[in-house]
Amino acid sequence: MSTPSEETTTDKHAGGGAVLEVDGLVVRYGSRTAVDGVAFRIARGEILGLLGPNGAGKTTTLSVIEGLRRPASGSVNVDGIDALRHPIDACSRLGVQLQSSGFQPELSIEQLLRLYAGLYGVRLTRATAREALDGVGLEQEASKRLKGLSGGQAQRFSLLIATLHDPLLLLLDEPTSGLDPQSRRSLWQRIEASRRRGGSILLTTHSMEEAQAVCDRIVIIDHGRIVATGSPAELIAAHREDPRVLAIAHGEPTLEDVFIALTGSDLRD
């Protein structure tokens, strides 16, 4: 049984152009500039990786796109909608999976599923809710609360909630952090299914291997500024002769070698 979002075939994923356009984004915390002139775009059906060390400005950028924080300057357009002027319309086109969820702890996962389906305007009966849970391997856990799930189960459930309304743009913050290989593979199969339906994905990850394998393009951000953009292959090709890359590469350069060369090897908190 497909989930409700997998059964939906509407015109909202049709057409070309950018699903997300971020331009000149500046965010300050007091005297500190956390994001400094960030600009990028995501095309329909594209997976874009936003990579950077801790404190580079990734989460702050996501917070602005999600409508949780207002920038000092710059613009965010989601499917042609000015997200700063019309945040509700823009957010209705987003699906968000965060590292930590704010789900109501007293509800079972079946109750949570039906609650969020109602909030998204998705019709979901008791039977279709069970079938949707079965589609992510959680039908037997329907009566459990979220805290009773394993890490992989919780991540699969969170992704199910994020994709219930078949969003144009899926925002994923470290979606596979702490998961075993089987759980990671299951999550990426569902994410790829969203992309095949025309959805776009913006993700953050600290796994350079994962980013190299799944992302169409990469944006590397450091100290609030974009330092490199391109496909994984383009970034590796552009920097393969960089002395900083040659100094740390063991054999053929990887995306991780390029990332460390561009952002430094110092530990970040």
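Modeller: The model is predicted, so local features need pLDDT of at least 70, side-chain atom pairs count only at pLDDT 80 or more, and totals for chains, interfaces and linings use all residues. Residues are numbered from 1 along each chain as its sequence is written, and side-chain values use heavy atoms, with hydrogens and water left out.

Biologist: Why are helix 4 and helix 6 called roughly parallel to each other?

Modeller: The axes of helix 4 (residues 109–120) and helix 6 (residues 151–162) cross at roughly 20 degrees and come within 10 Å. Angles under 35 degrees count as roughly parallel, over 145 as roughly antiparallel, 65 to 115 as roughly perpendicular and the rest as oblique. Helix 4 and helix 6 are therefore roughly parallel. Axes here are lines fitted to C-alpha atoms, for helices over the stretch in contact, and angles run from 0 to 180 degrees between N-to-C directions. Helices are DSSP runs (H or I, at least four residues), numbered from the N terminus.

Biologist: Which residues of helix 4 and helix 6 meet?

Modeller: I109, L112, L113, Y116 and Y120 in helix 4 meet F157, L160 and I161 in helix 6; contact means heavy atoms within 4.5 Å. The residues of this contact are eight nonpolar, no polar and no charged. Ala, Val, Leu, Ile, Met, Phe, Trp, Tyr, Cys and Pro count as nonpolar, Asp, Glu, Lys and Arg as charged, and the others, Gly among them, as polar.

Biologist: What makes helix 4 and helix 5 roughly perpendicular?

Modeller: Helix 4 and helix 5 (residues 126–135) pack at about 110 degrees, with axes 10 Å apart. That angle lies in the perpendicular range, so helix 4 and helix 5 are roughly perpendicular to each other. In this contact, I109, E110, L113 and R114 of helix 4 meet R126, A129, R130, A132 and L133 of helix 5. By class, these are five nonpolar, no polar and four charged.

Biologist: How do you know how helix 6 and helix 7 are oriented?

Modeller: Their angle is about 5 degrees, and their axes are 10 Å apart. Helix 6 and helix 7 are therefore roughly parallel. Helix 6 gives G152, Q155, R156, L159 and L160 to the contact, and helix 7 gives S183, S186, L187, R190 and I191. These divide into four nonpolar, four polar and two charged.

Biologist: What lines the second largest pocket?

Modeller: The lining has 15 residues, and T176, R184, W188, S207 and E210 lie nearest the centre. Helix 7 (181–196) and helix 8 (208–214) each give two or more residues to the lining, which has five nonpolar, five polar and five charged residues. A pocket is, on a 1 Å grid over the protein atoms alone, an open set of points where a 1.4 Å probe fits, with protein on both sides within 12 Å along at least five of seven lines; lining residues have an atom within 4 Å of a point.
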